[in-house]
Each structure stands twice: as structure tokens, then as C-alpha cells.
Amino acid sequence: MTALLVEVGNSYLKAALGTQDGIRPLGRFAHEELDMLTALLPRNLEQLLFASVSQEGVAEALHRFAERQGLRCQRVISEAEAFGLRSAYGEPWRLGVDRWLAMLAGFHSTKGACLVLDIGTAATADLVAANGQHLGGWIAPGFRMMTQAVLSGTAKVADLASGEGELVFGPNTGLGLHHGCQAMVSGFVKEAVLLAEQQLGQRPAVLLTGGGLRHLPPSLLAQGEVRTDLVLEGLALYC
């Protein structure tokens, strides 16, 4: 069955049409642009599946949207176990659903040990063993959160310049802030990969997702597989 899949993040929402066999992305939208999806929906659609880490008002808006479209609406949450994946959390509902779905998609596609790195508003890392056991993870500020903290918490740093490519030492304050925060996120990724290799005794499949990937050096992105819609892929398993 084809379903409308919606991933509600802190900054925006992403949508796709999906089945258990795959997804067809529809795009990225601001929270208040939900009705723009109407023109993109096929006639035979019956269900809306969504996962949200945002405020409850967005979830309520999705339920109203589904009602207007005549769709069954289901919210997916983190579970103790599903599709061969077992959560490390004693209270599994406390695990962010975006992390849960990204792990589901990663484990389902790799059929083995994987390290899922999601670089968004927050940066998260989650390690899954070959038997489907989640071994835990990390949460840290993402690129934008770090730069905003510096800009709002210091009197002398007033701007952020855009930098491209590999890490360099910035020749001015704006580029220094950009590349400094880029280095922090890069270090998060490198240390996660190193610890995963040490813990498993071998290198797992490394999957990279999230809007903040554009802030990582190209040489670092080449160390893993970029899967920009990993959360939506995990959501599609519930179709």
C-alpha cells in the first residue's frame, strides 16, 4: 500500500510517497506549508504516516490535514523492537523517533552492523550490531546550533561567513567560526567511526544523513554512504 510519509523535524518537514519497497520524495516544506502537499497526492492514497520531533501543534495540523484529505493517519513512535532492531533504551519511547527510523532503515538495507550519523539541528550517532541490537548513541549540538551559541553568547563575534570545501584556518572571524564549528562536527563523525570500529572489532557500514551534511568536508563524506532520506526510508517500513 502506498502511503504519504511525513518527517517533521525541528526546522522543516519532508514528505514522500512510500511503500515497503521504497520511497519517492516529494520535497521539503516549512511547517506552515503543509497544504502545498495536496496537489502532489495521487488519487488512490489511503494513509498518512508521520513521525515528529517538533512541537505538538505540527502533529495536530497533520491530523487535520489527513482528515481533510480522507486519509487514515498514524503517528509512528520509537519502539522496544521492530523489524529485527532492538532498542538499547530501557524506556524506548524516550529515544528520538528520527534516530529510531534512521536506524531501522540502515539496518534493513545493510543487513548487518551499521553506524548511523544524522547531522541536523543536533548531531546524533547510533551504533547497531549485526544481530540488530542497538548499542547506544551520542547526541551533540549540530553546526547551526553551535554557531548560534557563539553568535548569541559573545560580544565580539558578530558574523558567520560561508566556507566551502575542506577545513582550513579562517583568515577572519566569520570564516574562523564557520571552519571551527565545521571541525567540531567533523570530529564528532570521526570519533564515532573510530569508537564503532573499536567496539565491534571491524568497521561497520557508515550511513550519513541530515541537512547539516553540507557543512562537512567532502573528504569526510566520502568515508560513508550519504542517504539524505534515511528517516523517510525507515518510516516506509511501516506501510
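**Domain 1 against domain 2**

Between domain 1 and domain 2, two residue pairs are in polar contact, both at pLDDT 80 or more. That is where I will start, and keep in mind that this is a predicted model.

On the domain 1 side, strand E3 (22-29) and strand E4 (47-52) each supply at least two of the residues that touch domain 2. Sorted by class, that side has five nonpolar residues, four polar ones and one charged residue.

Now the charges. How many salt bridges does the rule find across the interface? It finds one between domain 1 and domain 2. In a salt bridge, the side chain of lysine 14 meets that of aspartate 229, at 2.9 Å from N to O.

For orientation, the layout of the chain. The domain assignment puts domain 1 at 3-75, while domain 2 comes in two segments, 81-142 and 176-230. The C-alpha centres of the two domains are 24 Å apart.

Next, the extent of the interface. Contact involves 10 residues of domain 1 and eight residues of domain 2. The size of an interface is often given as the accessible area lost when the parts come together. Here domain 1 and domain 2 bury about 610 Å² between them, and 55% of that is on carbon and sulfur atoms. Which three residues supply more than any other three of the area that domain 1 buries against domain 2? They are Lys14, Ala51 and Val53, with 46% of that area.

Definitions and conventions
Residues numbered from 1 in each chain as written. Predicted model: local features only at pLDDT ≥ 70, side-chain atom pairs only at ≥ 80, totals over all residues. Heavy atoms only, no water. Domains from an automatic or database assignment. Contact = heavy atoms within 4.5 Å. Buried area = accessible area lost by both parts, 1.4 Å probe. Salt bridge = Lys/Arg side-chain N within 4 Å of Asp/Glu carboxyl O. Polar contact = N/O pair within 3.5 Å; in protein donor to acceptor, adjacent residues only side chain to side chain. Helix = DSSP H or I, 4+ residues; strand = E, 2+ residues; numbered from the N terminus. Nonpolar A, V, L, I, M, F, W, Y, C, P; charged D, E, K, R; others polar.
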